[in-house]
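Here is a short briefing for a first look. Start with the sequence and the model, then read the points below.

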There are 2 protein chains.
Amino acid sequence: MATIAVPPSVPSPAEDAEQLQKAFAGWGTNEDLIISILAHRNAAQRKVIRQTYAETYGEDLLKALDKELSSDFERSVLLWTLDPAERDAFLSNEATKRLTSSNWVLMEIACTRSSMELFMVRQAYHARYKKSLEEDIAYHTTGDFHKLLVPLASTFRYEGPEVNMTLARSEAKILHEKIHKKAYNHDELIRIVTTRSKAQLNATLNYYNNEFGNAINKDLKADPNDEFLKLLRSAIKCLTYPEKYFEKVLRLAINKLGTDEWALTRVVTTRAEVDMQRIKEQYHKRNSVPLDRAIANDTSGDYKKMLLALVGHEDA
Amino acid sequence: MATIAVPPSVPSPAEDAEQLQKAFAGWGTNEDLIISILAHRNAAQRKVIRQTYAETYGEDLLKALDKELSSDFERSVLLWTLDPAERDAFLSNEATKRLTSSNWVLMEIACTRSSMELFMVRQAYHARYKKSLEEDIAYHTTGDFHKLLVPLASTFRYEGPEVNMTLARSEAKILHEKIHKKAYNHDELIRIVTTRSKAQLNATLNYYNNEFGNAINKDLKADPNDEFLKLLRSAIKCLTYPEKYFEKVLRLAINKLGTDEWALTRVVTTRAEVDMQRIKEQYHKRNSVPLDRAIANDTSGDYKKMLLALVGHEDA
């Protein structure tokens with residue numbers, strides 16, 4: 001379900017590194033060449049290219065890209081080139097910083113990655129920032145956001161298909177009771193959302209919907225402007241229908257006056273190798289326009305070329 | 001710092017498996033033979049013996065031991081034979097069950113294992129119980145115990161030596177302020193104890209001691225019978241001076257009228273390959289009697305032989 005197109009016969013990492021080095025050399029930078037290489041290599045291939053580049057030219061490829069590129073195009077290439085776990089560690093660290101703080105990004109990473117992927121983000125966070133992800137989240141968040149985000153980022157959910165229907169029933173009732181009393185930050189509600197396996201949570205929410213007549217997220221919309229409720233609804237969406245969540249982030253980013261490039265870049269670079277195909281289908285269905293056309297209309301230059309290559313646009 | 005004695009030349013796993021099978025065969029069981037093999041093999045060796053046994057005799061070695069042995073001796077051999085991560089998963093699962101529930105065991109495992117070891121316990125828990133450790137802890141605990149134990153078991157602490165002294169200072173002040181107000185379950189206090197690296201926490205507590213005149217655990221003794229405060233003090237001890245914590249558990253287990261075999265077996269089997277040497281030194285210092293003599297005086301039969309072998313008693 002990835003959307004990037006890796007050519008059937010890929011040059012050796014040494015050749016790729018050499019071409020990249022040529023793209024940086026001389027007057028100006030050859031952005032097309034950079035895109036033609038990096039946007040068409042998978043994570044494992046990019047990793048070897050980065051290692052080979054460092055060994056051959058004595059400089060981290062990311063540093064070189066940082067010097068040569070700028071603005072949105074730069075950010076998209078840098079994020080894309082990073083190893084997925086490192087990239088998520090970088091994005092979540094950014095999300096705990098004052099000026100770039102974002103509970104959304106933290107929630108998104110915690111809820112849409114697999115248990116092992118999330119654990120690898122935590123390992124990459126140790127290596128890069130000399131502290132732990134949950135330590136920074138706990139330190140930089142407060143109140144209900146703290147109460148939801150710390151366990152979301154610390155959990156190691158079971159991923160098997162087993163579902164306990166009796167439990168689903170009893171926990172659906174607990175959820176309904178707490179929501180009915182507007183106790184949206186209740187320990188039990190947080191416990192269920194942050195610790196149950198995605199399969200179990202899904203069963204619980206299906207029961208909720210069948211038994212109480214509304215999808216849970218409808219009942220959690222009591223106050224549509226409440227920021228905590230928004231985050232909670234999104235967490236539930238990420239845990240059960242991630243492609244719907246990402247479709248909406250893209251839709252809002254593209255429709256926004258001026259385009260939200262940070263969100264657009266983040267979703268495209270983090271999902272291109274995961275579930276972008278599904279997200280594209282969802283986007284087309286919901287907006288009656290293909291995602292690549294929407295992106296093409298809303299962006300320009302090398303940034304546009306990079307994004308289109310990542311979402312698998314035919315000519316890119 | 002392990003105390004078990006592995007002979008310089010170890011028989012092949014096939015030979016060990018064969019000897020074990022002989023120990024089970026015929027009239028009665030040869031307990032001495034079982035101890036002479038299993039108590040003198042390290043975790044990696046025991047793992048291969050278990051695999052070889054299963055391949056050769058078509059039965060899990062643990063099942064065979066379970067059939068042949070009984071009571072405290074059985075429990076000590078079974079716990080010891082388990083892979084460390086599996087053993088901790090087993091002990092913590094037991095600690096979430098109604099009849100064997102124990103916040104102490106959960107806290108002990110969460111606080112005294114390395115970050116990676118704790119993560120491996122969580123993986124072993126998935127494999128064995130088809131759910132997650134934090135899921136079971138969150139479900140089976142309530143109130144302040146829940147608030148402390150869930151993040152303790154979910155955390156993946158940074159383990160580098162880096163210490164931020166400014167942070168140590170400011171967090172020591174926060175701790176002192178909360179304790180002064182008797183807000184022992186305050187979010188900030190829990191955050192500091194559950195997310196900071198052991199090195200950072202230690203620096204914070206040293207600052208606390210220097211600046212406010214008391215070790216934190218002294219200030220946390222306001223009500224000596226408060227169960228939550230007891231657990232919190234023990235968690236702090238486990239995180240900073242694990243050998244002192246374990247010495248005390250052994251002391252209480254041995255001095256108890258009737259001996260607490262569960263605690264004794266747990267500490268001996270889980271620490272024999274880790275830091276039992278230090279615990280023995282601490283025990284001798286605090287009780288003026290060597291640990292092996294205390295164990296010998298308080299236990300008997302095969303159980304006694306097994307424990308003495310694990311704590312490195314010369315004749316065992």
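Which helices do the buried residues of α12(A) pack against? In chain A they pack against α10, α11, α13 (198–212) and α15 (227–240). In chain B they pack against α9 (133–140) and α10 (143–154). Keep in mind that this is a predicted model.

**Helix α12 of chain A**
- α12(A) is mostly covered, with 7 of its 9 residues buried.
- The buried residues are L189(A), I190(A), R191(A), I192(A), V193(A), T194(A) and T195(A).

**Extent of the contact between the chains**
- Chain A brings 25 residues to the contact, and chain B brings 25 residues.
- About 2500 Å² is buried between chain A and chain B. Carbon and sulfur atoms give 62% of that area.
- On the chain A side, E135(A), F156(A) and Y158(A) lose the most area to chain B. Together they make up 26% of what that side buries.

**Polar links across the contact**
- There are 2 salt bridges between chain A and chain B.
- One of them joins R196(B) to E135(A), whose closest N and O atoms lie 2.7 Å apart.
- Between the two chains, 14 residue pairs are in polar contact, both residues being at pLDDT 80 or more.

**The chain A side that touches chain B**
- Five elements each supply at least two residues: α8 (115–129), α9 (133–140), α10 (143–154), α11 (165–180) and α12 (187–195) of chain A.
- α8(A) gives the most, with 5 residues.
- By class, this side has 7 nonpolar, 8 polar and 10 charged residues.

Definitions and conventions. Residues are numbered from 1 along each chain as its sequence is written. Chains are lettered from A and ligands numbered from 1 in the order in which they are written. This is a predicted model: local features need pLDDT of at least 70, side-chain atom pairs count only at pLDDT 80 or more; totals for chains, interfaces and linings use all residues. Side-chain values use heavy atoms; hydrogens and water are left out. Contact means heavy atoms within 4.5 Å. Buried area is the accessible area (1.4 Å probe) that two parts lose on being put together, summed over both. A salt bridge is a side-chain nitrogen of Lys or Arg within 4 Å of a carboxyl oxygen of Asp or Glu. A polar contact is a pair of N or O atoms within 3.5 Å; within protein, one must be able to donate a hydrogen and the other to accept it, and residues adjacent in sequence count only if both atoms are side-chain atoms. Helices (H or I, at least four residues) and strands (E, at least two) are DSSP runs, numbered from the N terminus. Ala, Val, Leu, Ile, Met, Phe, Trp, Tyr, Cys and Pro count as nonpolar, Asp, Glu, Lys and Arg as charged, and the others, Gly among them, as polar. Buried means under 20% relative accessible area, exposed over 50%, partly exposed in between (1.4 Å probe, protein chains only).
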